[in-house]
Protein chains: 2
Amino acid sequence: MPAPTTPPAALARRLRLVVITDRRLAGPGGVAAVADAALRAGAPAVQLREKHLPPRDVLPLARHLRDLTRTAGALLFINDRIDLALAVGADGVHLGPDDLPVQAARRFAPPGFLIGYSTDDPATAREAVARGADYIGCGAVYATWTKADTGPAIGVYRLAEVARSVNAPVVGIGGITVERAGEVFAAGAAGCAAVGAVMADPHPGRIVRAFLRAVPSGYS
Amino acid sequence: MPAPTTPPAALARRLRLVVITDRRLAGPGGVAAVADAALRAGAPAVQLREKHLPPRDVLPLARHLRDLTRTAGALLFINDRIDLALAVGADGVHLGPDDLPVQAARRFAPPGFLIGYSTDDPATAREAVARGADYIGCGAVYATWTKADTGPAIGVYRLAEVARSVNAPVVGIGGITVERAGEVFAAGAAGCAAVGAVMADPHPGRIVRAFLRAVPSGYS
């Protein structure tokens, strides 16, 4: 079951690294093996992203990731589908512009259920938070090759603008590597979302530990 | 909000005609105009079926149909997406083999929320009911041109077999016209689902009244 309502600072800390799955990039052990390695290395949050499979086929993987994240004490988010998230007892859902709007999802989400929303626009981010989003995913910060429908890279200045404009954690996403994590945090992001950097690496645990070392020491 | 738990006999009566939307078939007024005419003519249930639009774009129509069905005292079902159904306060969802499984949906559906499941197999129907389905959609009873992914027509004998095998209402679907409604009820179905017969008719209210006249007089 979802945790009780999480204050923004505590949530921010749990979002300092969000590992997002991508079955096209995962090695021979698949998404579950990468997630397992990432969690053992201390990843505090995993988001299951499956854009093209019917819900029935995503469900077993979602349940498995729920088990792994629960054991690790990490958050589990499901991309796009709040129904899947609720069915497996995930901590939250991550919604985008085509999905069920935040306010509509909040209408039936249980207390404490987390809702993230993707936008690179400060006004849209404020509106999403006002309507019930707990955090914002903002990007693509850098050029990325793991998602086809993103616009051009927004850069860290725009990321900083979005981070300043909401009283909620903002997670940078898109082309973020260990080397770039420092400037993502410096821009005011609460965390980094990693897709390819973790999924496509033969040693995902090592990458996760490097990401976590890049978190500023004064981090809340 | 959904009604309190409905006993099978009372539910069966409300499922005696389920008007299923299809935007490709609806006239110039669109799905909402056809649904409105059908409801004014006494249709006791409407199912919103939108297979190809993103949830955000379906939401306004779903809300409008919720208003229309509530005013008419009719049931509203949403096809495939329980998240949309919950967001608009629909009475239920209709799930198919690719969707979230019935048991997974039941896990977070509020009390009294109705779940339908599509199958033409008696054992699968029994299993779905055991796992929490309130009714079964069974077809295609006759050859149909409104849905591309249905198998060959199953006929009324198979429909009767499914109807006998579950202690829950079974709604026949697929190619059902007013002329065929009598034999669908005779096969033991609790109701008829109509897609093309209502959606594509220039006088949907007239067709709905004709369907309702075809309901056996001894009906529960």
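Which residues of helix α6 of chain B are buried?

## Helix α6 of chain B

This report describes a predicted model. Helix α6 of chain B spans residues 122–130, and its buried residues are B:Pro122, B:Ala125 and B:Ala128. Viewed down the axis of α6(B), these buried residues fall within an arc of 120 degrees, so they line one face of the helix.

The buried residues of α6(B) are covered by elements of chain B that include helix α5 (102–106), strand β5 (114–118), strand β6 (135–139) and helix α7 (155–165). Just after α6(B), B:Gly132 adopts a positive phi of about 120 degrees.

## Helices α2 and α3 in chain A

In chain A, helix α2 covers residues 30–40 and helix α3 covers residues 55–72; their axes come within 10 Å and cross at roughly 10 degrees. An angle under 35 degrees counts as roughly parallel, and α2(A) and α3(A) are therefore roughly parallel to each other. From α2(A), the residues making the contact are A:Val31, A:Ala32, A:Ala35, A:Asp36 and A:Leu39. From α3(A), they are A:Leu61, A:His64, A:Leu65, A:Leu68, A:Thr69 and A:Ala72. Sorted by class, the contact of α2(A) with α3(A) holds 8 nonpolar, 2 polar and 1 charged residues.

## Helices α2 and α3 in chain B

In chain B, the axes of helix α2 (residues 30–40) and helix α3 (residues 55–72) come within 10 Å and cross at roughly 10 degrees. Helices α2(B) and α3(B) are therefore roughly parallel to each other. On the α2(B) side, B:Val31, B:Ala32, B:Ala35, B:Asp36 and B:Leu39 take part in the contact. They meet B:Leu61, B:His64, B:Leu65, B:Leu68, B:Thr69 and B:Ala72 of α3(B). The contact of α2(B) with α3(B) divides into 8 nonpolar, 2 polar and 1 charged residues.

## The interface between the chains

The size of an interface is often given as the accessible area lost when the parts come together. For chain B and chain A, the buried area is about 1,900 Å², and carbon and sulfur atoms give 60% of that area. Within chain B, the residues that lose the most area to chain A are B:Arg56, B:Asp83 and B:Arg107, which together account for 29% of what that side buries. The contact takes 22 residues from chain B and 23 residues from chain A.

Leaving aside neighbours within four places in sequence, B:Asp98 is in contact with A:Pro54, A:Pro55 and A:Arg56. Within its own chain, B:Asp98 is 18 residues from B:Asp80 in sequence, and their C-alpha atoms are separated by 8.6 Å.

## Backbone features in the loops

Most residues other than glycine have a negative phi, and most peptide bonds are trans. Where does A:Asp80 lie? A:Asp80 is in the loop between β3 (75–79) and α4 (82–88) of chain A, and its phi is positive, near 75 degrees. Burial is set at under 20% relative accessible area, and A:Asp80, with a relative accessibility of 14%, counts as buried. In chain B, B:Asp80 occupies the loop between β3 (75–79) and α4 (82–88). Its phi is also a positive value, near 75 degrees, and at 15% relative accessibility B:Asp80 counts as buried.

A cis peptide bond joins A:Gly139 to A:Ala140, with omega about 0 degrees. A:Ala140 is placed in the loop between β6 (135–139) and α7 (155–165) of chain A. In chain B, B:Gly139 and B:Ala140 are joined by a cis peptide bond, with omega about 0 degrees. B:Ala140 is found in the loop between β6 and α7 of chain B.

## The segment after α10 in chain A

A:Ala214 belongs to the segment that follows α10 (204–213) of chain A. With a relative accessible area of 23%, A:Ala214 is partly exposed. Not counting residues up to four places away in sequence, A:Ala214 touches A:Val178, A:Ala181 and A:Phe185. A:Ala33 is 181 residues from A:Ala214 along the chain, and the C-alpha atoms of the two are separated by 24 Å.

Note on methods
Residues are numbered from 1 along each chain as its sequence is written. Chains are lettered from A and ligands numbered from 1 in the order in which they are written. This is a predicted model: local features need pLDDT of at least 70, side-chain atom pairs count only at pLDDT 80 or more; totals for chains, interfaces and linings use all residues. Side-chain values use heavy atoms; hydrogens and water are left out. Axes are lines fitted to C-alpha atoms, for helices over the stretch in contact, and angles run from 0 to 180 degrees between N-to-C directions. Helices (H or I, at least four residues) and strands (E, at least two) are DSSP runs, numbered from the N terminus. Angles under 35 degrees count as roughly parallel, over 145 as roughly antiparallel, 65 to 115 as roughly perpendicular and the rest as oblique. Contact means heavy atoms within 4.5 Å. Ala, Val, Leu, Ile, Met, Phe, Trp, Tyr, Cys and Pro count as nonpolar, Asp, Glu, Lys and Arg as charged, and the others, Gly among them, as polar. Buried means under 20% relative accessible area, exposed over 50%, partly exposed in between (1.4 Å probe, protein chains only). The arc is that of the directions from the helix axis to the C-beta atoms. Buried area is the accessible area (1.4 Å probe) that two parts lose on being put together, summed over both.
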